[in-house]
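Welcome, and thanks for taking a look at this model. Please keep the sequence and the 3D view side by side as you read.

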Amino acid sequence: MLHKLRHFTAALALLLTVACAAAPTVPTMFGEWDVTSIAGVDVVEGSPVFLRFSEDGTVSGNAGVNRLRGSWIIEDELFKVGPLGVTKMAGPAMLMDQEANLLTAIEKVNRFDVVGGDLVLSDAGGAEVVRAAPRTVPE
């Protein structure tokens with residue numbers, strides 16, 4: 001009886017090991033992302049645009065001039081961001097326009113994917129509205 005129990009335990013351990021090893025890696029949007037393009041247009045070089053998605057359902061970051069904070073949710077298989085609160089500082093026109101474009105783009109998001117290491121946020125039609133790379137903070 002003890003011999004059969006050992007074989008069963010060994011087989012169960014092997015099965016669990018194979019099952020865990022075969023589990024696919026699920027892409028995640030959690031973490032910090034440097035926005036690289038908005039609606040297909042590259043961000044202004046040197047602008048500090050980034051997004052941080054946290055597991056607690058919050059999103060924060062910098063829209064170019066102003067900081068942003070809000071929430072995200074996955075509901076009925078759709079990924080939604082907002083509402084967002086944004087500080088109200090003024091800055092150079094080029095950055096303010098970019099910021100307005102980012103905030104408009106984020107309102108349209110209903111899907112996220114991680115493609116080639118980049119976070120891609122898309123609208124209902126599947127069009128890419130925001131692309132971001134894993135955040136790199138200079139030392």
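The paragraphs below go from confidence in the model to its core, its aromatic rings, and then some individual residues.

The chain has an average pLDDT of 84, and 78% of its residues score at least 70. Residues 2-26 are another matter: their pLDDT is below 50, and this stretch makes zero contacts in the model beyond near neighbours in sequence. Where pLDDT is low, the predicted coordinates should not be read in detail.

The largest nonpolar core has 24 residues, and the members that touch the most others are Val35, Phe53, Phe79, Leu119 and Leu121. Several elements each supply at least two residues of this core: strand 1 (31-38), strand 3, strand 5 (67-75), strand 6, helix 2, strand 8 and strand 9.

Phe53 counts as buried because its relative accessibility is 2%, under the 20% limit. Phe79 is buried too, with a relative accessible area of 2%.

Phe79 has another partner, Phe112. Their ring centres are 5.2 Å apart with the planes at 65°, so this pair is edge-to-face. With Phe79 in strand 6 and Phe112 in strand 7 (residues 111-115), the pair ties together parts that are 33 residues apart in sequence. Both of these phenylalanines, Phe79 and Phe112, are buried. Step back, and ring pairs link Phe30, Phe53, Trp72, Phe79 and Phe112 into a cluster.

Ser60, in strand 4 (residues 58-62), is in contact with Phe50, Leu51, Arg52, Leu68 and Arg69, leaving aside neighbours within four places in sequence. Ser60 is buried, with a relative accessible area of 8%. Gln98 is found in helix 2 (residues 93-108). Is Gln98 buried or exposed? With a relative accessible area of 7%, Gln98 is buried. Beyond its neighbours within four places in sequence, Gln98 is in contact with Ile38, Val43, Val44, Ser47 and Val49.

Next, find Asp118 in strand 8. Its relative accessible area is 19%, and Asp118 counts as buried because the limit is 20%. Which residue's side chain does Asp118 join through a polar contact of 3.2 Å? The partner is Arg131, which lies 13 residues away along the chain, with the C-alpha atoms separated by 6.7 Å. Setting aside neighbours within four places in sequence, the contacts of Asp118 also include Trp33, Asp113, Ala132, Ala133 and Pro134.

Follow the chain onward to Ala124, in the loop between strand 8 (118-122) and strand 9 (128-134). Ala124 is exposed, with a relative accessible area of 69%. Leaving out neighbours within four places in sequence, Ala124 is in contact with Lys108 and Asn110. The C-alpha atoms of Ala124 and Arg111 are 7.6 Å apart, although 13 residues separate the two in sequence.

Finally, look at the backbone. Most residues other than glycine have a negative phi, and most peptide bonds are trans. Ala39, in the loop between strand 1 and strand 2 (41-42), has a positive phi of about 50°. Asp76, in the loop between strand 5 and strand 6, also has a positive phi, near 50°. Ala39 counts as exposed at 55% relative accessibility, and Asp76 is exposed with a relative accessible area of 71%. The peptide bond from Gly82 to Pro83 is cis, with omega near 5°, and Pro83 is found in strand 6.

Methods
Residues numbered from 1 in each chain as written. Predicted model: local features only at pLDDT ≥ 70, side-chain atom pairs only at ≥ 80, totals over all residues. Heavy atoms only, no water. Helix = DSSP H or I, 4+ residues; strand = E, 2+ residues; numbered from the N terminus. Buried < 20%, exposed > 50% of the residue type's maximum accessible area, 1.4 Å probe, protein only. Contact = heavy atoms within 4.5 Å. pLDDT = per-residue confidence, 0-100. Polar contact = N/O pair within 3.5 Å; in protein donor to acceptor, adjacent residues only side chain to side chain. Phe/Tyr/Trp six-rings, centres within 6.5 Å; stacked < 30°, edge-to-face > 60°. Core = buried A, V, L, I, M, F, W, Y, C linked by side-chain atoms within 4.5 Å.
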